[in-house]
Every structure is written in structure tokens, then in C-alpha cells.
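The structure is shown below.

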Amino acid sequence: MTMNFNFYMDDIVNQARSEMETSGYEQLKTAEEVDAAFNRPGTTLVMVNSVCGCAGGIARPAASHAIHYDKRPDHLVTVFAGQDKDATAQARMHFGEDHIPSSPSFALLKDGELVAEVGRFEIEGHDPMSVVVNLQSKFEEYCEEV
């Protein structure tokens, strides 16, 4: 019996993409899409997606639930580390020199400037609700009431 690894991974990737789109996040697949999205005025939550277990079991559920809050970002976007490599690299360039690349992770931008992050170390080993609370604390500080 042989297994087509790419077919298997495509199924996982498509499911991960679908979860984010269903939650209202815009997929950014190219560097140009990243630049255009990051130049929008207001606040933008960026979820750096991945296929690891902490993305599927913690980060994506947190991304979906955190936005149900009195204050939330104006824009919701996602790049997919390991899949859309140019888009992910471009996003990380916008995050600045001090940014430590990790996936999954979140970045909150205000008028294109990084104002807050939630790195993998704040996701892996934590429960989804603690990540939701962490994200919402950043929304409270930087976002407007909807």
C-alpha cells in the first residue's frame, strides 16, 4: 500500500485554510497581497497559520473565538507558513527586526505598524481560552469598539 503524502497534506492544508476563511479571515497568498492588506488604515490581526497540532487545536479555535468581543480589529488576515512562503516572508518583514518568526502566531498591526504579538510560546501548551483572553487584551488596548 502506498500513500500519496502530498494528497494527505493538501487535505490538512485545505481544512486549515477553510477554518480561517469560515471565521472571516482573508487569505493572503502573495507578497503583493500582504503589502496591500498591511497598508490598510486601522487595525489588522494577522494569524500566521500552520499545520501543527497547536495551530489546529489551539490557535485556529482562538482566532475564531477571540473576535467575538466588543473591541476587535478592523481587518482579519492570515498567511500560511510552509505553504505560502513568499507571503509569510513578506508579513514577517513588516513585523520588524525584533520579531522572532514562529508559527502559529498572531500579530496585531495598527496603521501598518506592529503593536502587539502572540508568539508560539504563548500558544503551544496553553488552552485555547487563555489565547483568546490574551488576544482580547490586545484588542482592548489597540482596537475600537464595534
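Leu76 counts as buried because its relative accessibility is 7%, where buried means under 20% relative accessible area, exposed over 50% and partly exposed in between (1.4 Å probe, protein chains only). The model is predicted: local features need pLDDT of at least 70, side-chain atom pairs count only at pLDDT 80 or more, and totals for chains, interfaces and linings use all residues. Residues are numbered from 1 along each chain as its sequence is written, and side-chain values use heavy atoms, with hydrogens and water left out.

Leu76 is in strand E3; helices (H or I, at least four residues) and strands (E, at least two) are DSSP runs numbered from the N terminus. Beyond its neighbours within four places in sequence, Leu76 is in contact (heavy atoms within 4.5 Å) with residues including Tyr25, Leu45 and Ile67.

The buried residues of helix H4 (residues 85-95) are Ala87, Thr88, Gln90, Ala91 and Phe95. They lie on the same side of H4, because they cover an arc of only 165° around the axis, taken from the directions from the helix axis to the C-beta atoms. The face turned away from that side carries the exposed Lys85, Asp86 and Met93.

| Element | Residues |
|---|---|
| helix H2 | 31-38 |
| strand E2 | 43-49 |
| strand E3 | 75-80 |
| strand E4 | 105-110 |
| strand E5 | 113-118 |

Gly96, with a positive phi near 100°, follows H4.
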